[in-house]
Amino acid sequence: MPKNYYNILGIEKGASKDEIKKAFRKKAHQYHPDKETGDEAKFKEINEAYQVLSDEQKRAQYDQYGQTFDGAGGFPGGGAGFGGFGAGGINIDDLGDMFGDFFGGGFGGSRTRTQRGQDIQVDVSLTFKESIFGAEKEISLTKQNNCNRCGGVGAEPGSSMKTCGTCHGQGFEVRVQRTMLGNMQTRVTCSTCHGTGEVPETACSNCDGAGIEHGKKTLRVDIPAGVEHGMRIRVRGEGEAVQGGQAGDLYLIVHIERSREFVRHGNDLFVEVKIGFTQAALGDEIEVPTLDGKAKLKIPAGIQSGEKLRMRGKGVRGSRPGDQYVVITVVTPKKLSKKQRKVLAELDLNE
Ligand SMILES: [Zn+2]
Ligand SMILES: [Zn+2]
């Protein structure tokens with residue numbers, strides 16, 4: 001069933017343009033989503049009704065057919081809150097000084113957003129083994145920190161907080177600007193309480209109530225096992241602290257020293273091992289490095305240079321543990337004694 005736009009705006013069917021505008025403004029004030037009496041669905045409906053009834057052509061269509069024909073779903077506008085305005089919802093002109101109300105103080109809308117401190121990014125170097133097994137790293141930063149004494153609150157320990165006298169607890173101050181739409185009020189973060197709406201009864205003696213102090217801070221950070229080169233680890237809240245706001249985050253960029261023994265591909269490890277000519281021909285048992293230390297590995301007889309031997313589960317541990325591959329290089333002797341040469345020649349090993 002089509003909506004009754006006249007009922008929505010609370011006017012008679014024969015209402016004049018002025019009456020429509022007046023009714024719309026009254027209702028829009030009442031139901032604006034930012035108001036305590038707000039109702040987003042109703043506000044959209046009011047907007048929709050006004051879009052039609054304020055346009056002569058659309059109104060005529062509506063009066064005749066009970067609907068308008070400007071496309072599926074009908075009416076533009078009415079996104080959530082202010083977002084909907086730009087999308088072709090309300091004619092700004094028709095709202096006039098309502099802007100002052102919308103942006104100004106007075107109704108229990110959201111408090112002015114508090115600030116957030118800058119993020120910090122630092123490199124952290126790990127040995128290969130540390131990257132595999134995880135490590136605790138000490139990181140020293142010189143930055144804005146939450147005050148050690150008051151924990152960032154700005155109050156002397158034991159002192160309570162009171163409502164900010166500058167903004168009366170609102171966290172913002174209202175500035176009035178003259179614009180072509182009339183007086184426009186804007187909110188700025190309160191310069192006394194920095195948006196929190198509260199100030200300490202007695203200011204912290206260390207930071208003078210600021211809640212922050214500049215200085216060196218040393219952190220112990222647990223680097224998880226299995227990190228890879230170039231990974232970013234976030235340490236929440238350890239960036240720059242900011243007065244009356246939330247500290248930024250610290251990002252650690254992982255640098256891993258190359259290992260002399262291991263090359264990592266995902267969770268698999270590769271180790272190159274050189275064996276002698278005779279070991280390759282006859283087979284042997286040798287010792288190879290693994291993450292757990294030296295381990296024995298059987299070389300099958302007749303192995304070729306470049307062949308890989310797999311040690312299952314000996315790679316990087318994790319949700320899917322990797323394997324270790326031992327890449328065999330057979331070293332052909334460069335110098336032979338007379339006797340060796342003689343024996344080899346007699347053997348004539350050409351296959
Ligand atoms: Zn303090
Ligand atoms: Zn304040």
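This is a predicted model: local features need pLDDT of at least 70, side-chain atom pairs count only at pLDDT 80 or more; totals for chains, interfaces and linings use all residues.
User: Which residues are the protein donors of the zinc ion (ligand 1)?

Analyst: Donors are N, O and S atoms within 2.8 Å of the metal (3.2 Å for Na, K and Ca); water is not among the atoms, so sites may look incomplete. Here the SG atoms sit 2.2 to 2.3 Å from the zinc ion. In sequence, the donor residues follow the spacing C-x2-C-x53-C-x2-C. They are C147, C150, C204 and C207.

User: What arrangement do the four donor atoms around the zinc ion (ligand 1) make?

Analyst: Four donors count as tetrahedral if all angles lie between 85 and 135 degrees. Ideal angles for four tetrahedral donors are 109.5 degrees. Around this zinc ion the angles are 102 to 115 degrees, so the arrangement is tetrahedral.

User: How many aromatic pairs are there?

Analyst: Rings of Phe, Tyr and Trp (its six-membered ring) pair if their centres lie within 6.5 Å; planes under 30 degrees apart count as stacked, over 60 as edge-to-face and the rest as tilted. By this rule the count is five.
One of them is F24 with Y50, stacked because the centres are 4.0 Å apart and the planes are at 10 degrees. Ring pairs also link Y5, Y6 and Y62 into a cluster. So the count of aromatic pairs comes to five.

User: Where in the chain do F128 and F262 lie?

Analyst: F128 and F262 form a stacked pair, 5.7 Å centre to centre with 10 degrees between the planes. Helices (H or I, at least four residues) and strands (E, at least two) are DSSP runs, numbered from the N terminus. The pair ties together parts 134 residues apart in sequence, because F128 lies in helix α8 (residues 128–133) and F262 in strand β10 (residues 262–265).

User: What lies over the face of F172?

Analyst: A charge sits over a ring if NZ of Lys or CZ of Arg is within 6 Å of the ring centre and within 35 degrees of the ring normal. At 4.2 Å from the ring centre of F172, the residue is R187.

Notes
Residues are numbered from 1 along each chain as its sequence is written. Chains are lettered from A and ligands numbered from 1 in the order in which they are written. Side-chain values use heavy atoms; hydrogens and water are left out. Four donors count as tetrahedral if all angles lie between 85 and 135 degrees; four count as square planar and six as octahedral if opposite donors are over 155 degrees apart and all others between 65 and 115; anything else is irregular.
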